[in-house]
Amino acid sequence: MTYQETVDWMFQQLPMYQQVGNKAYKVDLSNIKKLAAHLLEPQENFKSIHVAGTNGKGSVSHMLASVLQESEYKVGLYTSPHLKDFRERIKINGKEISEEAVVRFIDSNKSFFEKEQLSFFEMSVGMAFQYFSEEKVDIAVIEVGLGGRLDSTNIISPEVSVITNIGLDHTSILGNTLELIAAEKGGIIKTNTPVVIGEFQPETFPVFEKIASGLNAPLYSAATPEKPPYRSDLKGAYQEKNICSVLKTVEVLREKGWKIPEKAVENGLLQVIQNTGLRGRWDVLQENPKVICDTAHNKEGLQYAMKQLHEEDYKQLFLVIGMVNDKDLEAVLPLFPKEAEYFFCRPNIPRGLDAEILKQKAAEKGLLGEAYNSVSEAYQAALKKASKADVVYVGGSTFTVAEII
């Protein structure tokens, strides 16, 4: 198969969460354990850092990878979802896995995948682990896909586990309280392995304390009232909390003998985009009119993004918004500014929310605008209407951002 045929075949395998939602979620780790055994346990051949959380886990993963690269380590990075191309998920020192490596991995193991009915995500994780093992990375930063306890990535024995924060997202799968979600994400905490908690939340911290105590895992809190001493090229005020999580994780890694100079921390945080290729986090696409896109899509993430949007200087505000159909609209729509003009659209995936439904639900919250046939059409209409002194914001879903970036 060609590269495109290979990726298409992967997408067609047992449901992928991005496409179908809850039905894709597995109830145990048996499949990924079978795959790891079939591949001769590649995850045991490299050191790793495991990153979970409702918001910030992607940014923290990329920041850590950048800092470790600046420390002259060979660094694997596994993240999800991708914006444009599947290969964005698997990188070494910022360079995506080659098309040939993707094709070779699927081709060599296809009969096993079909026999065991492995999902898209399980195959992707197996591919990343085998690639990092073959390429002999010094360390890999592994981002959890969904939850933690039952996530396919949760077969590694990391140097340190990181949990950025807990919010009410994916409640139909992970539970409908912060405590229940914390218990799922806390499932990445391992025996005698340090864990860094990014944000102090009174509902969730005791959950982590209890899990860590039972596993004799040293627990560190990254929460601090002070501003971090470093800045990042990832814009957005919300990145300050992520920087604090990274700094605490670096501290723990140094205690374990990793050589991470102060200069590498400073440079790594300032060159995340250059070192890792991360996009979509308060990403300014152009000026005059200023166009900002951001992948924030749940209550906690959107609170930060909308607060920052209010601080922008503009004459008029235009929002291009598309969402998925399992989003809690009652929780997120009230966060958006009423004074803006809206361009509603449906991201081009099966679980994209119909633009007319989004328009109607938004109108009930005082958010007014028109529905468009596609993200591209909505975006072009917003650009056409905006003058040089205006701001256009694109978001509501990772998939909306992916279509314009």
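Colleague: Which residues of helix H8 are buried?

Modeller: In H8, residues 178–185, the buried ones are Leu-178, Ile-181, Ala-182, Glu-184 and Lys-185. Buried means under 20% relative accessible area, exposed over 50%, partly exposed in between (1.4 Å probe, protein chains only). Helices (H or I, at least four residues) and strands (E, at least two) are DSSP runs, numbered from the N terminus.

Colleague: Where do they sit around the axis?

Modeller: They are on the same side of H8, because they cover an arc of only 160 degrees around the axis. The arc is taken from the directions from the helix axis to the C-beta atoms.

Colleague: And what sort of model is this?

Modeller: It is a predicted model, where local features need pLDDT of at least 70 and side-chain atom pairs count only at pLDDT 80 or more, while totals for chains, interfaces and linings use all residues. Residues are numbered from 1 along each chain as its sequence is written, and side-chain values use heavy atoms, with hydrogens and water left out.

Colleague: Switching to rings. How many aromatic pairs are there in the whole structure?

Modeller: A search finds 15. Rings of Phe, Tyr and Trp (its six-membered ring) pair if their centres lie within 6.5 Å; planes under 30 degrees apart count as stacked, over 60 as edge-to-face and the rest as tilted. One of the pairs is Phe-86 with Phe-120, edge-to-face, at 5.8 Å centre to centre and 75 degrees between the planes.

Colleague: Where are Phe-86 and Phe-120 in the chain?

Modeller: Phe-86 is in the loop between strand E2 (75–78) and strand E3 (90–92), and Phe-120 is in helix H6 (residues 120–134). They are 34 residues apart, so the pair links distant parts of the chain. Both Phe-86 and Phe-120 are buried.

Colleague: Why is the pair of Phe-200 and Phe-205 tilted?

Modeller: The planes of Phe-200 and Phe-205 are at 50 degrees, with the ring centres 5.1 Å apart, so the pair counts as tilted. Phe-205 is buried, at 10% relative accessibility.

Colleague: Which rings form a cluster?

Modeller: Phe-46, Phe-129, Tyr-131 and Phe-132 are linked into a cluster by ring pairs.

Colleague: Last one, how do H3 and H6 cross?

Modeller: The axes of H3 (residues 30–38) and H6 come within 10 Å and cross at roughly 35 degrees. Axes are lines fitted to C-alpha atoms, for helices over the stretch in contact, and angles run from 0 to 180 degrees between N-to-C directions.

Colleague: What makes the contact?

Modeller: Asn-31, Ile-32 and Leu-35 of H3, with Glu-122, Met-123, Val-125 and Gly-126 of H6. Contact means heavy atoms within 4.5 Å.
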